[in-house]
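Dear colleague,

I am passing on the structure we talked about, and my notes on it follow below. Please read them with the structure open beside you.

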Amino acid sequence: MNNPFPYSDTNKRYHTQSYYLKKRFGCKVMKISLNCGFTCPNIDGTKGTGGCTYCLEGSGEFAGSPALSVTEQFEAVKRAMNRKWSEGLYIPYFQAGTNTYGSAEKIRSMTEEALGLENVAGIAISTRPDCISDSVLDVLADLSDRTYLTVELGLQTVHDKTAAGINRCHTYGDFLNCCERLFKRNINVCVHLINGLPGESFDMMLTSAREMSRLPLHSIKLHLLHILRGTVMGEQYLRGEITPLTLEEYVHIVCEQIKLFPPELIIQRVTGDGGRDVLLAPEWSLKKFTVMNEIDKTFAREGSYQGINYQK
């Protein structure tokens, strides 16, 4: 195998989460999605109502049931994973909703319960950049001192006009302020971007990636916009107001974004999952491995890789 990218032991020409975790922990590490019943400030009326226009009843549709405890959810998913992988370590992933949008006591309780579970290698917490109070930040900093913690911030775009159009109810400035506070406490930050948001051009999506390349991020997730039945965006799509990306367009965008990132930045995702029963478009997104293979083939054909266009 002739792969010029240093952070890889496969054909991947970008720094995958799988590669990083295996190097760090010496074995397979699996994330287990959890649901602790958190809501969101643009759902409960604090900042807005209805949530983001692409969102169906809050994020984390593949997480567990909030009726179960952290331990019960963890053990249920772990049993299912063990049918495929016989051994490894686990990262409890607080995914559903905005998981720092609550009291410091609640966040401390749920993370401590998770950290005490068997074979847990770290914690991942998904949230918004406008929902980390000083008291919650203290909890996160303490957790980061004791385990491998990643705080995942949903940004989606650096363009405030786009963010307003999808009802994000926070600005890019809010995001930068949150990042600065997390960086000062030496907390790993993962950022989520969505490609294909209404009104965004190829250059706008590249600008979002370029801005992220300037920050000392731990990792990033690149998502495809899924248009789901039952959402505001779903209604816009059915009225012919939104045109989703083609597979070819998406692969080109992702490859060009990855070329801009520093080589050491961990790419946790290059596409995303949409529920088959609620997905309106694009239908090609259901073939996730096809998307990933097309990205691999594009890099190999071009002789390119992550960071080839990175500028400090």
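In the protein chain, residues 24 or more positions apart make up 81% of the contacts that have a separation of 6 or more, a contact meaning heavy atoms within 4.5 Å. Before going further, please note that this is a predicted model, in which local features need pLDDT of at least 70 and side-chain atom pairs count only at pLDDT 80 or more, while totals for chains, interfaces and linings use all residues. Residues are numbered from 1 along each chain as its sequence is written, and side-chain values use heavy atoms, with hydrogens and water left out.

The protein chain contains ten helices and nine strands, these being DSSP runs numbered from the N terminus (H or I of at least four residues for helices, E of at least two for strands). Its radius of gyration is 19 Å, close to the 20 Å that the globule rule gives for 312 residues, so the chain is as compact as a globular protein of that length; the radius is taken over C-alpha atoms, and the rule is 2.2 Å times the number of residues to the power 0.38. The C-alpha trace spans about 50 × 50 × 40 Å along its principal axes. The accessible surface comes to about 14,100 Å², and carbon and sulfur atoms contribute 48% of that, the areas coming from the Shrake-Rupley method with a 1.4 Å probe and, for residues, only the protein chains shown counting as cover. Of the 312 residues, 54% count as buried, where buried means under 20% relative accessible area, exposed means over 50%, and partly exposed lies in between (1.4 Å probe, protein chains only).

Turning to charged side chains, there are 15 salt bridges in the count, each defined as a side-chain nitrogen of Lys or Arg within 4 Å of a carboxyl oxygen of Asp or Glu. Side chains of opposite charge can pair when their charged atoms come close.

Arginine 146 and glutamate 112 meet in a salt bridge of 2.3 Å, N to O, which connects helix α4 with helix α3 (residues 104-115) across 34 residues. Arginine 146 is partly exposed at 43% relative accessibility, as is glutamate 112 at 32%.

Lys31 is linked with Glu152 and Lys221 in a network of salt bridges, and lysine 31 also lies over the face of tyrosine 93, at 4.0 Å from the ring centre. A charge is taken to sit over a ring if NZ of Lys or CZ of Arg is within 6 Å of the ring centre and within 35 degrees of the ring normal. The charged end of lysine 106 likewise sits over the ring of phenylalanine 38, 4.1 Å from its centre.

For the aromatic side chains, the count is seven pairs, the rule being that rings of Phe, Tyr and Trp (its six-membered ring) pair if their centres lie within 6.5 Å, with planes under 30 degrees apart counted as stacked, over 60 as edge-to-face and the rest as tilted. Phenylalanine 5 and tyrosine 7 form a tilted pair, 5.8 Å centre to centre with 55° between the planes. Phenylalanine 5 is buried at 2% relative accessibility, whereas tyrosine 7 is partly exposed at 30%, and ring pairs link Phe5, Tyr7 and Tyr305 into a cluster.

Finally, glycine 307 lies in the segment after α10 and counts as buried at 15% relative accessibility. Leaving aside residues up to four places away in sequence, glycine 307 touches Ile258, Lys259, Phe261 and Pro263.
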